[in-house]
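Thanks for coming, everyone. Let me put the model on the screen, and then we'll walk through it.

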Amino acid sequence: MFTIVAFLIVLGVLIFVHELGHFIAAKAVGIGVPRFSIGIGPPTPLAFRRGETEYVVAWIPLGGYVKMASKEEMEEMSKLEGGETVEEWPEDKLFENKPLWARMIVISAGVTMNIIFAFLAYTGIAATIGRAEDPTTHIAFVEPDGLPGVADALLDLPEGVQVVRVNGDTVRSWTVLREKVLDRGSDRMRFEFAGGVDPVTVAIPGTDVESRLAIFDALRPAWPNRIGGTQPGLPAARAGIEAGDEIIAIGPDSVRHWEDLKRIISSSAEVELELHVRRGDSVFATMVTPEERTIPGGLAGEDRIEGWIGIAADVEIIRIEYGLIGAFGQGAGSTWRDVEDVLVTIKGMFVGTVSTDELGGPILIAQVSGAVAALGIAPLLAFMALLSVNLAVLNMLPIPVLDGGHMVFLILEGIRGKPLSIAWRVRLTQAGMLVLLAIFVLVFRNDIMRLIG
């Protein structure tokens, strides 16, 4: 029940914010609005009328809409929008009779509101509780798989080296290191290290976000080999391992940091291991057999098998406080990084470097909503901000039915000097609905596959 309520709050707020943007913009330019709906399909009894507009909650909570006055109402859209409206509207209140610039403002207003919501959410979090950062600045090792060739010099770094500066800016945490690596304003990365290690310069355009992400992912943080927590019922918990324990060796192999521990366990599915554990002033040995689990590869590669014992790293987190101006900067930066991440993911799906198996639908959103809501208001608000950015970017895809598809229609109208014919718009809208249906089937399939393991 908690998860369901959290899901309805998350989805309801984001849909309301998006549709409120369309609604305010439509009213501002003088377009009539017969219906404002949260959800799609037939209206529920939760409906009332105020002025010219009917406000409703519909039965299917997978979207919403602002129905605008128009003589060009499409039958396909009417089914999603709870049926036709019978009001007669003055000519000057019809959507199609408004100037092109006014209609473009109305169509883009929903996406704009989603971006504004994310910015305000991130700004509010930064202003009230600051930002959590992982203070790690040491690199355990550099993973060669997936590392772009231009960054091969990083493979020669000594184990445990500390990064002190990137492009002259001090690196105080792993979080800051990520930001410096993904900095779009630079066409190179110059890493400087402590202990007399020679600097490494990687020449790569700031616009090549995908390659920069691959470089960052190859840098493995030197987290301590200390256990932050165990999952009940899994091998580590059954073996008596507790939070705070340090794994100092596995069999004859010493463990210097978390990546050592992770690497040995991952490659030892169904193989009994002897763990040497330090607890306080004492050291003891215990036997653990990692369970086998499958990591889906999807389009990005073949599935792989790895060992898993149910442990989490004990990562120290520091909190950075910001003033009001700093909070605005953090809000803008976090929102922009989310936009970049969504765009990189979309591009990756088209070129095959990101698997469509990673897409999630309503079930996954509900699960995550419940999990983050249990952690508190700030994590829930941050998740809603991330989801709001996703909703904004995906809505601008040039698919008829979505806002991006409507914008394409308007741009074509501006180029041609007249709108596309109703017949063409109907055909393209039908094609867009088929594309959306295929996406819904895919994400529901992914959600169901996750549920069944």
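One definition before we start: rings of Phe, Tyr and Trp count as a pair if their centres lie within 6.5 Å, using the six-membered ring for Trp. And a caution: this is a predicted model.

Rings, then. How many aromatic pairs does the count come to by this rule? Eight. Take Phe48 and Tyr55 from that set. Their centres are 5.2 Å apart, with 20° between the planes. That pair is stacked. Tyr55 is partly exposed, at a relative accessible area of 21%. The cut-off for buried is under 20%, so Tyr55 falls on the partly exposed side.

Next, Phe191 and Phe193. Stacked or edge-to-face? The planes sit at 10°, so this pair is stacked too, with ring centres 6.4 Å apart. Phe191 is buried, with a relative accessible area of 1%. Phe193 is buried as well, at 9%.

Now the cluster. Which residues do ring pairs link together? Phe16, Phe23, Phe36, Phe48 and Tyr55.

The charged end of Arg263 sits over the ring of Phe141, 4.5 Å from the ring centre. Arg293 lies over the face of Trp308, and here the distance to the ring centre is 3.8 Å.

On to the surface. There is a nonpolar patch here, with about 870 Å² of accessible area together. Its members are Trp59, Ile60, Leu62, Phe440, Phe444, Ile448, Met449, Leu451 and Ile452. Two elements give two or more residues to the patch: β2, residues 53-67, and α12, residues 422-451. Which gives the most? Helix α12, with five residues.

Look at Ile448 as one example. Ile448 lies in α12 and is partly exposed, at 44% relative accessible area. Patch residues need over 30%, so Ile448 clears that cut-off.

Last stop: Glu413, in helix α11, residues 403-416. Buried or exposed? Buried, at 13% relative accessibility. What does Glu413 touch, leaving out residues up to four places away in sequence? Leu100, Arg103, Lys418 and Pro419.

That's my tour. Over to you.

Definitions and conventions:
Residues numbered from 1 in each chain as written. Predicted model: local features only at pLDDT ≥ 70, side-chain atom pairs only at ≥ 80, totals over all residues. Heavy atoms only, no water. Patch = residues over 30% accessible without salt bridge, like charges linked within 9 Å, V, L, I, M, F, W, Y side chains within 5 Å. Areas by Shrake-Rupley, 256 points an atom, 1.4 Å probe, with all protein chains shown as cover. Salt bridge = Lys/Arg side-chain N within 4 Å of Asp/Glu carboxyl O. Helix = DSSP H or I, 4+ residues; strand = E, 2+ residues; numbered from the N terminus. Buried < 20%, exposed > 50% of the residue type's maximum accessible area, 1.4 Å probe, protein only. Contact = heavy atoms within 4.5 Å. Phe/Tyr/Trp six-rings, centres within 6.5 Å; stacked < 30°, edge-to-face > 60°. Lys NZ or Arg CZ within 6 Å of the ring centre and 35° of its normal.
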